[in-house]
Amino acid sequence: MPRGVVPRQPARTGRQDKVRVGTGTPARPGRGNASAAALEGRQKSAPKPAPAAKVKAYNPVAPERVTEILKRLDLLYPAVTCALTHSSAWELLVATILSAQSTDVNVNRVTPELFRQYPTVEAFAALEPEQLEPDVRSTGFFRNKSKSVVGAAKRVVAEFGGQVPDDMEKLLTLPGVARKTANVVLGSWFKKAEGVVVDTHVHRISRRLELTKQDDPQKIEQDLMRIIPREKWILFSHQIIWHGRGLCIARKPKCADCPLENLCHAGDKTWSTVDMHKNAKT
Ligand code: SF4
């Protein structure tokens, strides 16, 4: 070290030299004690503390939240498919028509014998609705369902050469086929994501999870199509349908066992670690 150069030592007071604590104002030499008024003035002009960061408003359809829901559904139901027994687009169409207001288990009890008795779409097209009624009676609403199935068969044979069309607009021309049924056939058989299946489970759970506020299935579908990536539309419906059967059941959902629990603010939860939103329910 060169002679005469002395390393700087900390002040004995424990403070750094020429730094005043408290006012944020540098010391001014030669002023002595400040008067009370001057001190008060300085305090008034002291910089205001920065305002606290604004808390972000809760947005139930924020992309991060939707992504997290989809991620957890993927872990819970990695490879779920349609639970209706079928071996062709026509059989899936019939099973989906029969599943309205019924359960898949109930439909699966009826369809194997039905398809054995009437193995082709042409065989269904040759029937009168009344002939089908006894076979589908146990699925409920059997008169309307018989009319729809036979009417759809006649049209598929007459207009589409006996082949169920893989096109939304054409499917919607078949008797008894609305978007839900068309989406099931397009998604599960043709692997075409034209929309999101909104059945009773998707309806209930989308509202519980605040992915929609709507009550009309078509509006719910539009909401879901807006926030869920298209490549997830088919799987998402299957996952939610399985979730609705196993955990998020209509009455007394099993919230304590649900991996979505801390993301879910449903007003009718049976157990919760987060706020519950009274409007978020079926
Ligand atoms: S926490 Fe409860 S209400 Fe929410 S999704 Fe899960 S089972 Fe359904």
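Analyst: The answer below begins with the chain and then turns to the helix pair and the ligand shell.

This is a predicted model, in which local features need pLDDT of at least 70, side-chain atom pairs count only at pLDDT 80 or more, and totals for chains, interfaces and linings use all residues. Residues are numbered from 1 along each chain as its sequence is written.

The chain comprises twelve helices and zero strands, where helices (H or I, at least four residues) and strands (E, at least two) are DSSP runs numbered from the N terminus. Of its 282 residues, 32% are buried, that is, with 20 or more other C-beta atoms, placed from the backbone, within 10 Å of their own.

Two packed helices are described by the angle between their axes and the distance between the axes. For helix 10 (residues 200–208) and helix 12 (residues 233–246), the axes come within 8 Å and cross at roughly 85°; axes are lines fitted to C-alpha atoms over the stretch in contact, with angles from 0 to 180 degrees between N-to-C directions. Helix 10 is therefore roughly perpendicular to helix 12, a term covering 65 to 115 degrees.

Helix 10 contributes H201, V202, R204 and I205 to the contact, and helix 12 contributes S237, I240, I241, H243, G244 and R245. Residues are in contact if their C-beta atoms, placed from the backbone, lie within 7 Å. These contact residues divide into four nonpolar, four polar and two charged; Ala, Val, Leu, Ile, Met, Phe, Trp, Tyr, Cys and Pro count as nonpolar, Asp, Glu, Lys and Arg as charged, and the others, Gly among them, as polar.

The shell around the ligand, by contrast, has eight nonpolar, no polar and four charged residues. R208, L247 and C248 are among the residues around the ligand, each with its C-beta atom, placed from the backbone, within 6 Å of it.

Conventions. Parallel < 35°, antiparallel > 145°, perpendicular 65-115°, else oblique. Contact = placed C-beta atoms within 7 Å. Buried ≥ 20, exposed ≤ 12 C-beta atoms within 10 Å, placed from the backbone.
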